[in-house]
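Visitor: I have a model open and want to learn how to read it. Can we go through a few features in turn?

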Amino acid sequence: MFNKVVIAGVGLIGGSLGLAMIRRNLAREVVGVDPAAENLALAERLGAVHRAGVLAEVLPGAELFILAAPIGVTLGVLEMAIPYLTSGTIVTDVGSVKGRLLERARKMVPEGVYLVGGHPMAGLEVAGVAGAREDLFEGASYVLTPDPHTHPLVLDKLKKLIQGIGANPVEMAAGDHDRAVAAISHLPHLLAATLVNTVTAEPNPDQLLKLAGGGFRDTTRIAASNASMWRDILLTNRDRVLETLRQFRGQLEEMEQAIENFDSQQLVYGLERARNVRAALPENRTYLKKR
Ligand SMILES: NC(=O)c1ccc[n+]([C@@H]2O[C@H](COP(=O)([O-])OP(=O)(O)OC[C@H]3O[C@@H](n4cnc5c(N)ncnc54)[C@H](O)[C@@H]3O)[C@@H](O)[C@H]2O)c1
Ligand SMILES: O=C(O)C(=O)C[C@]1(C(=O)O)C=C[C@@H](O)C=C1
């Protein structure tokens, strides 16, 4: 159990972490810091934090400090936090991109403060604590990006917390993480948005949208996500995203050619390869059905 946990950014992810930690008795005190006063008050009412505070007051003596604000402000929040961090505090983040951001963060944290990057591979298309859920991380992978200097006891504490909220810790190098999420998370988001935009560019989009069944709905749920969050993610992971987009174009062209050439063998090969992989992927998001 953690003693005092401070969460900066009590939105969807910070709020869900707070809810999970409080309801599962993983922290004695969870304190929320967030400039959005209404959101912070709601976090208190929902029980996602025990109380609200400001960095200068709440950080001294904190055992764990979770950076859960948007990627674009994470380093700014850390900079403001630095003077109040005390020796022994573990600092982690939840950002969807790790590489350069963590490198810069590592240069900022003082001696005696332990920084380990983190990224829960779970989320929703809604922003803010109103959408937070205690079971959001249940069954999800939760990436940790330790470096060779990470203290084993610190890593162990974080892994136990991750298991406590129902997720599975996965250790990766930050660069490998960014390459992986470009394909498994960032590309799907771009495709979902582009699918919707393709339909709305048709002559009579409203008519088309009336016909939206499971196919369109299942493949585009995430297109309803927060645009500024995704702007930050895509631009922060720009090089990896561009690489994966090139891969995608190649795959799409193969399918296109198979259709153009009436090459049913090639088409079925492409469809079945995907079918076998997707059908074997276990469902881990029970919360989607409970909403
Ligand atoms: N939404 C997802 O599916 C998802 C999943 C995994 C990781 N993430 C990552 O989690 C982080 C937060 O995303 P979210 O979905 O919870 O967003 P969110 O918009 O729901 O929450 C962000 C919160 O940070 C607060 N905030 C803004 N500026 C701040 C500051 N200076 N100090 C403290 N708080 C501040 C906002 O008021 C808001 O309450 C992002 O880095 C994102 O990449 C998101
Ligand atoms: O399920 C969703 O709504 C998500 O967008 C979650 C998702 C993902 O791509 O899986 C999105 C971004 C995060 O960094 C991690 C998880």
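**Reading the model**

Guide: Start with Asn25, which is exposed, as 9 other C-beta atoms lie within 10 Å. C-beta atoms are placed from the backbone; 20 or more others within 10 Å make a residue buried, 12 or fewer exposed, and counts in between partly exposed. This is a predicted model, where local features need pLDDT of at least 70, side-chain atom pairs count only at pLDDT 80 or more, and totals for chains, interfaces and linings use all residues. Residues are numbered from 1 along each chain as its sequence is written, while chains are lettered from A and ligands numbered from 1 in the order in which they are written.

Visitor: Where does Asn25 lie?

Guide: Asn25 sits in the loop between helix H1 (12–23) and strand S2 (27–33). Helices (H or I, at least four residues) and strands (E, at least two) are DSSP runs, numbered from the N terminus. Asn25 has a positive phi of about 55°, although it is not a glycine.

Visitor: And is Phe262 buried or exposed?

Guide: Phe262 is exposed, with 8 other C-beta atoms within 10 Å. Its loop runs between helix H11 (238–260) and helix H12 (264–279). Phe262 has a positive phi of about 50° and is not a glycine either.

Visitor: How do side chains point in strand S4?

Guide: In a regular strand, side chains alternate between the two faces of the sheet. In S4 (residues 64–67), Leu64 and Ile66 point one way, Phe65 and Leu67 the other way, and all are buried.

Visitor: How many bridges join strand S1 to S4?

Guide: Pairing takes at least two DSSP bridges between two strands. S1 (residues 2–8) and S4 run parallel, joined by four bridges. Ala8 stands opposite Leu67. Four bridges also join S4 to strand S5 (residues 90–93), again parallel. There, Phe65 faces Val91 as its opposite residue.

Visitor: Which residues come nearest to ligand 1?

Guide: A residue counts as near if its C-beta atom, placed from the backbone, lies within 6 Å of the molecule. Of the 30 residues around ligand 1, Gly9, Gly11, Ile13, Ser96 and Gly123 come nearest. Elements giving two or more residues to this shell are H1, helix H4 (71–81), strand S6 (114–120) and helix H10 (227–236).

Visitor: Why does ligand 1 lie between domain 1 and domain 2?

Guide: Domain bounds come from an automatic or database domain assignment. Domain 1 (2–172) and domain 2 (177–290) both give residues to the shell, so ligand 1 lies between them.
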